[in-house]
Amino acid sequence: MSFFDDLARSLERNRITRRQALWLLGAGAAAGLSGCATSPVTGETILVGMSEAQEKQTDAQVAPHQFSQDLGAIQDEAVNRYVAGIGQRMGALTHRPQMPYSYRVLNANYVNAYTFPGGAMGVTRGILADLDDEAQLAALLGHELGHVNARHAAQRQGQNLVAQAALAGLNVAAQSSDWGGLMSMGGQIGASALLAGYSREHEREADALGQEYLVKAGYPATGMVRLHQLLVAEEKSAPSLLQTMFSTHPMSSERMQAAQAAADSRYRISNSLDARRERFMDSTARLRRIRPTIDACKNGETAMAARQYPKAQAEFQTALARTPRDYASNLRMAQCLQAQGQTAKAVDYADNAREIYPQEAQAYKLAGVLALQQRDAGRAYQNLDRFDRLLPGDAGITFLKGISLEGMGNRQAAAQHYAAYLRQSQQGNAAQYSYNRLKAWGMVK
């Protein structure tokens, strides 16, 4: 009997196994245009794969899902306003001030910052807690603004940008039925598919533009140098924790040296400017107070990726002991417990996460799959439908809702969801399962 036949039998008996639940969690992980244009930075002709309107549309379609995979914006509006204020001031000084720039600090613990083509930007709490002053933060935002202004994503991705991101997420999820393989990608699937592969030329240009914007905004050019120093030092001390940062933003001592050379020459006069450390420290004090929690979560995620579940559980327990109502810690603990077959305990932490941050979608997805494991397809559907209302447009959730409806015995509604899923994706195991069920029910040939 095939895996798909076995899953169908399990749904009929309302007995989803741990292996099947992990596969479902992975299967639900998913989420022709223009030619030449003039570079807003250099004025030269560049080959791009999307218009400015399409860059904005890509942000609207893809960015909310990626930000949710990175566990949403932190629940500290003061910190989010502080970061957004710096970004908005700098965005007005760029070559494309008309872009709809937006900024948020994400609950993700890994070290990274990224932006989508239209300027929707995320800064992880993992990197923000590591910075020392406002000039470094401005350098980080300036670098991301550099990518938007030079239209690097538009140049590189071409006509299939959104399709590639969705397909990459589905393929990665479909290739693994255990949590370890999924966790090695974590919430980074979308960002990696969409943003990975910037050339060193693009990175150098983003650095140069970021340093220019940094100085225009009234910061010392050495902010970019010290940002590079911090990241290179962290890469050497804990390379596994920076895997995603350096896959989307390859570092090198050459880039650090180039920033130093510019600070010593072109921007020398700026180096007497205030790096605004005191304001940074005051504005980020509450976030930095939970840095031990962030570090413990980061260590737990690294252990999860290596399938070292007891070690990961201990790290998440440390994080929760320090900050019991931390959304990321509760969600990661639930995922860790689920991977170990401790479903009832996992439900408690998933419920905690939902109560702590009811506006964020990921806990509802996990709660839905856990409910399937507990033979409660109705509750699973309720949680997945809540995810769908918070974050519409996720093909994987359409599939999981179909699974829940099949478990409830509602074949007609399940078939509608499987058909809807197939309209969005025809590849991967979830698509194969959907097609097989429709065929078995006589709804397709």
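A residue counts as buried when its relative accessible area is under 20%. By that cut-off, Lys-298 is buried in this predicted model, because its relative accessible area is 7%. Its salt-bridge partner is Asp-295, with N and O 3.8 Å apart, and Asp-295 is partly exposed at 27% relative accessibility. Both residues sit in helix α17 (residues 291–305), three residues apart, or about one turn of the helix.

Another one joins the side chains of Arg-276 and Glu-134 at 3.7 Å, N to O. Arg-276 comes from the loop between α14 (253–264) and α15 (277–283), while Glu-134 belongs to helix α6 (residues 134–149), so this bridge ties together parts 142 residues apart in sequence. Glu-134 is buried at 0% relative accessibility, whereas Arg-276 is partly exposed at 21%.

Elsewhere, shared partners link Arg-89, Glu-134, Arg-276 and Arg-279 into one salt-bridge network.

Turning to helix packing, α20 (residues 343–356) and α21 (residues 362–373) meet at an angle of about 155 degrees, and their axes are 9 Å apart. The two helices are therefore roughly antiparallel, and α20 passes α21 in a left-handed crossing. The contact includes Ala-346, Val-347 and Ala-350 from α20, and Leu-366, Ala-367 and Leu-370 from α21. The contact residues comprise nine nonpolar, two polar and one charged.

Terms used. Residues numbered from 1 in each chain as written. Predicted model: local features only at pLDDT ≥ 70, side-chain atom pairs only at ≥ 80, totals over all residues. Heavy atoms only, no water. Axes fitted to C-alpha atoms, helices over the stretch in contact; angles between N-to-C directions. Helix = DSSP H or I, 4+ residues; strand = E, 2+ residues; numbered from the N terminus. Parallel < 35°, antiparallel > 145°, perpendicular 65-115°, else oblique. Left-handed = near helix turned anticlockwise from the far one by under 90°. Contact = heavy atoms within 4.5 Å. Nonpolar A, V, L, I, M, F, W, Y, C, P; charged D, E, K, R; others polar. Salt bridge = Lys/Arg side-chain N within 4 Å of Asp/Glu carboxyl O. Buried < 20%, exposed > 50% of the residue type's maximum accessible area, 1.4 Å probe, protein only.
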